[in-house]
Amino acid sequence: MSRHKIVRTMNLADELDDFDGEDDYYGEEDEGMSPADKARMADGLKRVREVIGSDVPSLTDEKIEETLWYYYFDVERSITYLLNQVGATEKKKQKKPVVPEPKAPTQKAAIKAKQAFDVPSPDDVVIAAQSQSKGISKSSKGEKAGSNTTASIQKGVEALKVGDTAEKPTLPKIPRNKIDVVAEYEKSKSKRKENANLVVIGHVDAGKSTLMGRLLYDSGVVDERTIQKYKQEAEKIGKSSFALAWVLDQTGEERARGVTIDIAVNAFETERGRFTILDAPGHRDFIPNMIAGAAQADFAVLVIDSSPGEFEAGFNVRGQTKEHALLVRSMGVQRIIVAVNKLDLMHWDQDRFDEIKQQMSQFLTTAGFQPKNVSFVPCSGLTGDNIVRKPADGLISWYSGPTLVEELETAKPVIKAIEKPLRMTIADVYRGGVINPVTISGRIEVGNVQVGDTIVAIPGDEKAIVKGIEVDNQTAEWAVAGNNVQLHLANIEMEHLKIGDVICQADNPLVPLKEFEAKILAFEGLTPMMIDIHRGRLNASGRITKLVATLDKGNGSVTKKKPRHIGPGSLAVVNIAVTGAPLPLEKGSKIVLRADGLTVAAGVVE
Ligand SMILES: Nc1nc2c(ncn2[C@@H]2O[C@H](COP(=O)(O)OP(=O)(O)OP(=O)(O)O)[C@@H](O)[C@H]2O)c(=O)[nH]1
């Protein structure tokens, strides 16, 4: 089926519009803004001035504009920041010992002391300013309800002016890493639903798309009218069973900005979690796409067609069941849920379920999955039994375990290293975010990022500023490993960003490799040979230059040094040389090796 191609509709007029004024978009200072940004800046400046007035010398237009730009025209945050800055200066000054005359304070000192306590504290000013900028007439701490907030703010700002006149206005030093992202993440954890990426794998026609369509439909992502429309259309061409699979096309193509996380994505939510489905087609030709998906997955749903002869076809040497399972395991996926699908065709036969479970368990254990991380769910994507809802009464009289979704909810994603240096592989580059910035999307693999960070796209050396972040299509100030994000960038041209590049903090970049050692699981026999190296969407040709050792799969100890050949199913260490330019790889990067259209090995860079 050709459902898997994501075709992004491009409107030529829109595209050309995007380039209007591009030259000055990347220029310097004010000249560097698009006309739309300039309009927002003017409006922002006006609104900030309305709240904070214009008689604080240190709050120059330039300072306000710089702050507005930093917060990407968020007036409320800009006001909070600016007033905090002024407040901090004042607090510092208050700390300076004022030494009044012990008995007869001078008139000047007495006025100063009075001013310092008569006025709202800097915090009060901030709170009041926030209310003001929201248009909410909330009284600030210590004020009587109904008092004039604007007057109070102006009073506060005036009071903060104490001694300001002598001060030289300074440009704001907007602190980098202002936010302690790790601490913020810890604080917000209990309030947020954990997001997990799942990759759906399995042999051709095992029912992956139908099952995903069912998941989306039964969890309310797709409405009844749409599904009825698809049913009618599918019936017209005599394929009524395709209606559910078409759901994927619909959500895939209608995504607002054509965002892709390497491969087609759809998301659904349950009471206990948010799940992003990475669509991995079963056809051999699509294996590289599957690799990209598997590299970003927290767990895998392996779909098996339980109907007569079909499980066996998928399980044999040329079938994709084993290859996919091996692949996801060697990409670091530890948890796998086996959906024993199409059991409706088998009249929910328990013997068939047990037979498949027994054979698959054995195989998955040899593939490196720990038994506690493997579970089996009998189901039918077509009828919907045991996917989101429990099977109809008595249908699976012998089964009382969890539904597929309940299994997903218990499969907690692996804890991510959010405090490490940022690494994110670019899945897509486009324009079309808020006011036409250059935007990249992807999943943060390691580390964290916040608005204002300077990043670099490796293997290039072009730097950019993160001026906006969206996590799961919601505006955010920061994001951490595991988040699917869009980063809106400034100071970089689109041509300097490529799918497959790795985004790092500019002060902690990855150093691309030309030669490296990798621990791999061999799917086919290996010798020193030419190979294609895949890292997510990126691929390059290279060569296995040396077979270093084979390892014991149980404990990782060396079983043979310098083997002449590595057999299929062996764990081994090999040296690899990249033919062309160095690749953005480092210790821990997941790679897949292919040769002659076959996946021959997968593993990690040592
Ligand atoms: N009876 C029955 N048929 C199913 C079930 N799930 C899928 N099918 C049918 O199996 C066929 C293949 O289903 P798809 O969902 O397209 O399978 P797929 O694994 O996505 O296929 P590829 O993407 O081409 O690998 C379709 O005709 C479906 O209607 C099921 O649970 N029961």
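Predicted model: local features only at pLDDT ≥ 70, side-chain atom pairs only at ≥ 80, totals over all residues.
**Entry: Asp 61.** I looked up Asp 61 and found it in helix 4, which covers residues 61–70. Its C-beta has 11 others within 10 Å, so Asp 61 is exposed. I also checked Arg 49, 12 residues away along the chain, and its C-alpha lies 8.9 Å from that of Asp 61.

**Entry: the whole chain.** I noted 17 helices and 23 strands. Of the 606 residues, 42% count as buried. I then turned to contacts between residues at least 6 apart in sequence, and 72% of them join residues at least 24 apart.

**Entry: helix 15.** How many of the residues of helix 15 are buried? I found 11 of 11 across residues 320–330, so this helix is largely enclosed by the rest of the structure.

**Entry: the cores.** The largest nonpolar core has 86 residues, and Leu 198, Ala 300, Ile 336 and Ala 339 touch the most other members. Strand 4 (residues 299–305) is its top contributor, with 6 residues. Why does this core lie between domain 2 and domain 4? Both domain 2 (194–410) and domain 4 (515–605) give residues to it, so it lies between them. Beyond its neighbours within four places in sequence, I listed contacts of Ala 339 including Val 301, Leu 302, Val 303 and Ile 304. Another core, of 30 residues, lies apart, and Ile 426, Ala 427, Val 449 and Ala 479 are among its members.

Key. Residues numbered from 1 in each chain as written. Helix = DSSP H or I, 4+ residues; strand = E, 2+ residues; numbered from the N terminus. Buried ≥ 20, exposed ≤ 12 C-beta atoms within 10 Å, placed from the backbone. Contact = placed C-beta atoms within 7 Å. Core = buried A, V, L, I, M, F, W, Y, C linked by C-beta atoms within 7 Å. Domains from an automatic or database assignment.
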